[in-house]
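Subject: Structure handover

Hi,

Here is the structure for you to take over. Please open it alongside this note.

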Amino acid sequence: MDFFLDTGEVNEIKEAAKWGIIDGVTTNPSLIAKSGRNQFDVIKEIVEIVNGPISAEVIATDVDGMIKEGEELANIHENVVIKLPLTEAGITACKWFSDNQIKTNVTLCFSVNQALLAAKNGATFISPFIGRLDDIGHDGPGLIEEIRNIYDNYGFETKILAASIRHALHVREAAMVGADVATMPFKVVKSLFKHPLTDKGLEAFLNDHKKANNLN
Ligand code: E4P
């Protein structure tokens with residue numbers, strides 16, 4: 001399973017990249033707005049830090065506007081993936097990008113049928129938002145499992161990118177049902193390292209070592 005960082009904060013990406021476990025980055029207009037910076041500047045910096053797929057989302061809502069913006073973003077670096085909303089225009093633009101060998105991430109997916117549309121038009125990634133589904137009492141990880149089954153039934157190569165991940169349990173659930181990628185906020189990636197028994201065990205090992213060697 002690949003791990004992407006879901007953020008527009010370059011400092012978080014620099015820190016997580018040092019751990020060697022980050023395979024890519026996803027951004028969206030809200031995350032870029034939170035960074036207080038221009039999308040092009042942020043993406044230009046990210047591609048220099050992480051050598052993997054970097055999703056940058058279009059703002060346009062019409063096909064021509066999406067293609068124009070997407071081409072500009074794709075020109076930044078070969079690793080830039082064009083993020084398109086799951087609308088008629090987004091799915092139409094997805095076909096154009098696929099036909100022109102530009103990678104895409106179709107976002108705001110909340111149903112299996114939406115995921116099928118993205119796969120039919122050659123999306124590189126589909127992003128089911130599991131946290132937002134859980135928020136309204138639906139089964140986010142269950143959606144990933146259904147998409148996995150259906151993509152496998154038909155041999156679709158679109159990768160399932162579990163998005164809107166809120167906590168470590170979501171990562172486990174997405175992995176259990178076969179998501180190809182999990183994109184996570186920095187604090188969720190950090191939480192994956194933690195277990196109270198690891199901390200307790202390490203403390204005991206270090207204390208025993210000190211005692212055995214008369215160190216204080
Ligand atoms: C990533 O591609 C998505 O934009 C992101 O995971 C959405 O997360 P949220 O539901 O926490 O805003």
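My notes on strands, helices, one serine and the cysteines follow.

First, the ground rules. This is a predicted model, in which local features need pLDDT of at least 70, side-chain atom pairs count only at pLDDT 80 or more, and totals for chains, interfaces and linings use all residues. Residues are numbered from 1 along each chain as its sequence is written, and side-chain values use heavy atoms, with hydrogens and water left out.

Strands S3 and S4

Helices (H or I, at least four residues) and strands (E, at least two) are DSSP runs, numbered from the N terminus. S3 (54–57) and S4 (80–85) pair in the parallel sense over four bridges. Pairing requires that DSSP finds at least two bridges between two strands. Ile54 stands opposite Val80 in S4.

S4 is mostly covered, with six of its six residues buried. Buried means under 20% relative accessible area, exposed means over 50%, and partly exposed lies in between (1.4 Å probe, protein chains only). Val80, Ile82 and Leu84 point one way from S4. Val81, Lys83 and Pro85 point the other way. Note that Lys83 is among the buried residues.

Helix H4

S3, H4 and S4 form a right-handed β-α-β unit. Right-handed means that, with the strands pointing away from the viewer, the path from the first strand over the helix to the second runs clockwise. H4 has twelve residues, 63–74.

Gly65, Met66, Ile67, Gly70, Leu73 and Ala74 are buried in H4. What covers them includes helix H3 (39–49), S3, S4 and helix H5 (88–99). As background, an α-helix has 3.6 residues a turn, so residues three or four places apart point the same way.

S5 covers residues 104–109. Five of its six residues are buried, so S5 is largely enclosed by the rest of the structure. The chain reaches S5 from S4 through H5, in a right-handed β-α-β crossover. S4 and S5 run parallel, joined by four bridges. Thr107 in S5 is the bridge partner of Pro85.

On to S6, residues 125–128. S5 and S6 also run parallel, with three bridges between them. Val106 has Ile126 in S6 as its bridge partner. S5, helix H6 (residues 112–120) and S6 make a right-handed β-α-β unit.

Ser127

Ser127 is found in S6. Its relative accessible area is 1%, so Ser127 is buried. What does its side chain make a polar contact with? The side chain of Asn105, at 2.7 Å. A polar contact is a pair of N or O atoms within 3.5 Å; within protein, one must be able to donate a hydrogen and the other to accept it, and residues adjacent in sequence count only if both atoms are side-chain atoms.

Leaving aside neighbours within four places in sequence, Ser127 is in contact (heavy atoms within 4.5 Å) with Asn105, Val106, Thr107, Leu108, Cys109, Leu161 and Ala163.

Cysteines

The structure holds zero disulfides, a disulfide being a pair of cysteine sulfur atoms within 2.5 Å. Cys94 is in none; the nearest cysteine sulfur, that of Cys109, is 12 Å away. That is too far for a bond. Cys94 is buried at 0% relative accessible area. Cys109 also counts as buried, at 0% relative accessibility.

Over to you.

Note on methods:
Expected span 1.5 Å × (residues − 1).
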